Amino acid sequence: MAAPHRASPAQLLPFLAPLVALLFLAAATTTATAAADGGGYAGNGNGAMTHLHFYFHEIYTAGPNGTAAAVASPPAGASGSAFGFGYVGVVDDMLREGADPASRLIGRAQGLTAGASLSEGAITTLLNFVFTDGPYNGSTLAMFGRAVLGSVMERPIVGGTGAFRMARGYTQSRMVKSADPENLLVLEYDAYVLH
Ligand SMILES: *[C@@H]1O[C@H](CO)[C@@H](O)[C@H](O)[C@H]1NC(C)=O
Ligand SMILES: *[C@@H]1O[C@H](CO)[C@@H](O)[C@H](O)[C@H]1NC(C)=O
């Protein structure tokens, strides 16, 4: 995985938005099945733990193929503006099987990102992972969490639809080498989902 560039938090904002969005999909594999359903609490499902591994692709530059839109910039001179506090963006990023931009598209990461820290480049993200191919075509996962561009970002999965009804779990994501670093942010995602 590539080391993140050293940049000011403000410079990192466009990247952070995508990062947050990253999530899951890609080649999904069910890695384990736990004990039989004992009729436990809602959300525990049948005890199945699904591991999804996929790559998040964001074209963060403006243009015909851009997948991220800045809605609001941090107010100039406002408290925390050096850290992007107040930034709001919307993304419709790509979920692919691999880090290669030509690899199979398996879904989208759609949602919101916001600069939400007065003291560091931390963002709050609300993303829906919408799967459009493979075994989870038509199902979605909802991720809500905080991210700081760094080695590994961990965010909670708070729900889902279709095959992922009543889902809960978490994702871990990290920036990896991009084929086009001036335009494309690539994050590798692992998602662990109980459903
Ligand atoms: C947008 O994507 C299309 C299809 O992949 C490609 O042919 C075109 O060159 C891209 N345009 C830009 C500005 O990147
Ligand atoms: C995904 O599901 C939709 C709706 O059922 C269907 O139209 C589409 O062909 C499916 N895509 C793939 C790649 O299976």
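Phe 54 and Tyr 189 are both buried, a word that stands for under 20% relative accessible area, with exposed meaning over 50% and partly exposed lying in between (1.4 Å probe, protein chains only). The model is predicted, so to speak of local features takes pLDDT of at least 70 and to count side-chain atom pairs takes pLDDT 80 or more, while totals for chains, interfaces and linings use all residues. Residues are numbered from 1 along each chain as its sequence is written, chains are lettered from A and ligands numbered from 1 in the order in which they are written, and side-chain values use heavy atoms, leaving out hydrogens and water.

The structure holds 8 aromatic pairs. Rings of Phe, Tyr and Trp (its six-membered ring) pair if their centres lie within 6.5 Å; planes under 30 degrees apart are stacked, over 60 edge-to-face, and the rest tilted. The ring centres of Phe 54 and Tyr 189 are 5.3 Å apart and their planes meet at 10°, so this pair is stacked. The pair links distant parts of the chain, 135 residues apart: Phe 54 sits in strand 2 (residues 48–59) and Tyr 189 in strand 10 (residues 184–194). Strands here are DSSP runs (E, at least two residues), numbered from the N terminus. Ring pairs also join Phe 54, Phe 56, Phe 129 and Tyr 189 into a cluster.

Strand 2 also holds Leu 52. Leu 52 has a relative accessible area of 0%, so it is buried. From Leu 52 to Tyr 189 is 137 residues in sequence, but 7.8 Å in space, C-alpha to C-alpha.

Now to Asp 190, in strand 10. Its relative accessibility is 10%, so Asp 190 counts as buried. Asp 190 and Thr 171 lie 19 residues apart in sequence and 5.6 Å apart in space, C-alpha to C-alpha.

Next, the surface. Val 71, Val 88, Val 90, Leu 112, Leu 126, Phe 144 and Val 158 form a nonpolar patch there, with about 580 Å² of accessible area together. Accessible areas come from the Shrake-Rupley method with a 1.4 Å probe; for residues, only the protein chains shown count as cover. Val 90 belongs to strand 4 (residues 88–96). Val 90 is partly exposed because its relative accessibility is 36%.

Thr 132, Asp 133 and Asn 137 surround ligand 2, where a residue is near if one of its heavy atoms lies within 4 Å. One oxygen atom of ligand 2 is 2.3 Å from an N or O atom in the side chain of Asn 137. Taken alone, ligand 2 exposes 360 Å², and the protein buries 25% of that.

Key:
Patches are made of residues with over 30% relative accessible area and no salt bridge: like charges are joined within 9 Å, nonpolar side chains (Val, Leu, Ile, Met, Phe, Trp, Tyr) within 5 Å. A salt bridge is a side-chain nitrogen of Lys or Arg within 4 Å of a carboxyl oxygen of Asp or Glu. Helices (H or I, at least four residues) and strands (E, at least two) are DSSP runs, numbered from the N terminus. A polar contact is a pair of N or O atoms within 3.5 Å; within protein, one must be able to donate a hydrogen and the other to accept it, and residues adjacent in sequence count only if both atoms are side-chain atoms.
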